[in-house]
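Thanks for coming. I have a few minutes on one structure, so please look at the screen and follow along.

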Amino acid sequence: MVHPDVFPKYIVSLDTSRVVVKKVDVGNKFKNEQEFEFRDQILQWIRIKASKLGFGVVIGRFDNGLDRRGAFVTLTCKRSGKYKPHLRNFKGDETGSRKYLCKKLVDHPIACCLMPKEEECVSDMTLNLVQPKNILVTLKRKRPGNIAHIKQVYNRRYQSKLVIRGNTTEMQHLLKILDDNSYVSKYRMCEDGVTVRDIFWTLLDSIKLFNMFPIVLTIDSTYKTNKYKLLLLEIIGANSTEKTYFVGFAFLESEKKDNFN
């Protein structure tokens, strides 16, 4: 063990009056004589330039040219300026603000956004059952300047699943997938005839394996995996070569004898 007195002690001053802040003019980086057909193309070009320079850009003010005023748009850094608290404080003291004079690029939501081609890549890899962490690694390998987080990947995956699901609910979409892929399923409804209480599904191959190896079964439940608060029951069997196989899955309303039966 090293005694604390071995290390020298320093006094750190919190006086920032002598700190010199240098302002950098990046206006020359945004000079362009190219004509854009749509506003989104202009915003995308500017945001790409800003991302390379180390900050994110958002629309600060705009006007569509009504009455006597001319049309204009003002772009500003996402984290420029300072947070102005309201007269009544609705935020807790532990809640921070995004505006802190543009310290770093990583926390800029705009700079972390995925490109259109990257969004398509995430959607395609999601359909191929690629894990989110592997999707993020692939995106960063294709574009080294990509500073997106895993959150952007999850958000895009969720949007892709919404498009595929359409107007149906999660439970309706699950029943459709089970029917389209020839799963053996069974479910029970509540008294209202709308709410699903319990639902069980398995494959025909799993039934065949269970009929041949019904001796050893492992049953376990997982909680807090969905917004319906239904526990996920997994049933796993073991064959003669000591390898496991899935017998079936079930969403249960509760762990009572009637639900298990």
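Arginine 165 and glutamate 170 are joined through their side chains by a salt bridge, at 3.3 Å from N to O. Keep in mind that this is a predicted model. Glutamate 170, at 29% relative accessibility, is partly exposed.

Arginine 165 belongs to the buried set of α4, along with Gln152, Val153, Arg157 and Ser160. The helix itself runs over residues 150-165, which is 16 residues. From first C-alpha to last it spans 23 Å, close to the expected 22 Å. What do its buried residues pack against? They pack against α2 (116-127), α3 (132-142) and α5 (170-180). Just after α4 comes glycine 166, with a positive phi of about 70°.

Arginine 156 pairs with glutamate 119, and their closest N and O atoms lie 3.8 Å apart. That pair ties helix α4 to helix α2 across 37 residues of chain. Glutamate 119 has 27% relative accessibility, so it falls in the partly exposed class.

Next, the largest pocket. Its space comes to about 1,100 Å³. There are 26 lining residues, and the closest to the centre are Lys161, Glu170, His173, Leu174 and Ile177. Which elements give two or more residues to the lining? Those are α2, α4 and α5. The largest share, 7 residues, is from α4. By class, the lining has 15 nonpolar residues, 6 polar and 5 charged.

Aspartate 198 and arginine 188 form a salt bridge at 2.7 Å, N to O. The aspartate sits in strand β4 (residues 196-202) and the arginine in strand β3 (residues 184-189), with the two 10 residues apart. Is aspartate 198 buried or exposed? At 6% relative accessibility, aspartate 198 is buried, whereas arginine 188, at 29%, is partly exposed. Both belong to a salt-bridge network that also includes Arg197, Glu253 and Asp258. For the whole model, the count is 8 salt bridges.

That is what I had; questions are welcome.

Definitions and conventions:
Residues are numbered from 1 along each chain as its sequence is written. This is a predicted model: local features need pLDDT of at least 70, side-chain atom pairs count only at pLDDT 80 or more; totals for chains, interfaces and linings use all residues. Side-chain values use heavy atoms; hydrogens and water are left out. Helices (H or I, at least four residues) and strands (E, at least two) are DSSP runs, numbered from the N terminus. The expected span of a helix is 1.5 Å times one less than its number of residues. Buried means under 20% relative accessible area, exposed over 50%, partly exposed in between (1.4 Å probe, protein chains only). Contact means heavy atoms within 4.5 Å. On a 1 Å grid over the protein atoms alone, a cavity is a set of points where a 1.4 Å probe fits but cannot get out, and a pocket is an open set with protein on both sides within 12 Å along at least five of seven lines; lining residues have an atom within 4 Å of a point. Grid points are joined across faces, edges and corners, and a volume is the space filled by probe spheres set on the points. Ala, Val, Leu, Ile, Met, Phe, Trp, Tyr, Cys and Pro count as nonpolar, Asp, Glu, Lys and Arg as charged, and the others, Gly among them, as polar. A salt bridge is a side-chain nitrogen of Lys or Arg within 4 Å of a carboxyl oxygen of Asp or Glu.
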